[in-house]
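Thank you all for coming. Please have a look at the chain on the screen while I talk, and keep the sequence beside it.

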Amino acid sequence: MAQCRLPEQFADVAAHHLPPDRPPGPEGGRPRVPNRVVLKVLWYVLTTGCRWRDVPPDMGCSGETARTRLIGW
């Protein structure tokens, strides 16, 4: 998994094209997963070729969360 790390240069370039991270709404709720974490999971799925449901839990968010965010972007 070491070779599947998100390059910092890519994350810096991609961050300019993504909407800003949103805080929880006025009613509260669960905070959204930061964009950088989602990018890390997307990079992992693209480089390893694994299925969304096979993303390791220690990546910071689930593959389904990353897939949903990708569709929204």
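I will begin with the overall picture and then turn to one helix and its neighbour.

Before that, please keep in mind that this is a predicted model, in which local features need pLDDT of at least 70 and side-chain atom pairs count only at pLDDT 80 or more, while totals for chains, interfaces and linings use all residues. Residues are numbered from 1 along each chain as its sequence is written, and side-chain values use heavy atoms, with hydrogens and water left out.

The protein has three helices and zero strands, where helices (H or I, at least four residues) and strands (E, at least two) are DSSP runs numbered from the N terminus. The C-alpha atoms fill a box of roughly 40 × 25 × 20 Å, taken along the principal axes. Of the 73 residues, 29% count as buried, and here buried means under 20% relative accessible area, exposed means over 50%, and partly exposed is in between, with a 1.4 Å probe and protein chains only.

Now to helix H3, which covers residues 63-72 and whose buried residues are Gly 63, Ala 66 and Arg 69. Why do they sit on the same side of H3? They do so because they cover an arc of only 125° around the axis, the arc being that of the directions from the helix axis to the C-beta atoms. As a general point, an α-helix has 3.6 residues a turn, so residues three or four places apart point the same way. On the face of H3 turned away from the buried side we find the exposed residues Ile 71 and Gly 72.

What do the buried residues of H3 pack against? They pack against helix H2, residues 35-48, and contact here means heavy atoms within 4.5 Å.

Two residues of H2 show this in detail. Asn 35 lies in H2 and counts as buried because its relative accessibility is 10%. The side chain of Asn 35 makes a polar contact with the side chain of Arg 69, at 2.9 Å; such a contact is a pair of N or O atoms within 3.5 Å, and within protein one must be able to donate a hydrogen and the other to accept it, while residues adjacent in sequence count only if both atoms are side-chain atoms.

Val 38, also found in H2, counts as buried at 0% relative accessibility. Leaving aside neighbours within four places in sequence, Val 38 is in contact with Val 33, Cys 61, Ala 66, Arg 69 and Trp 73.
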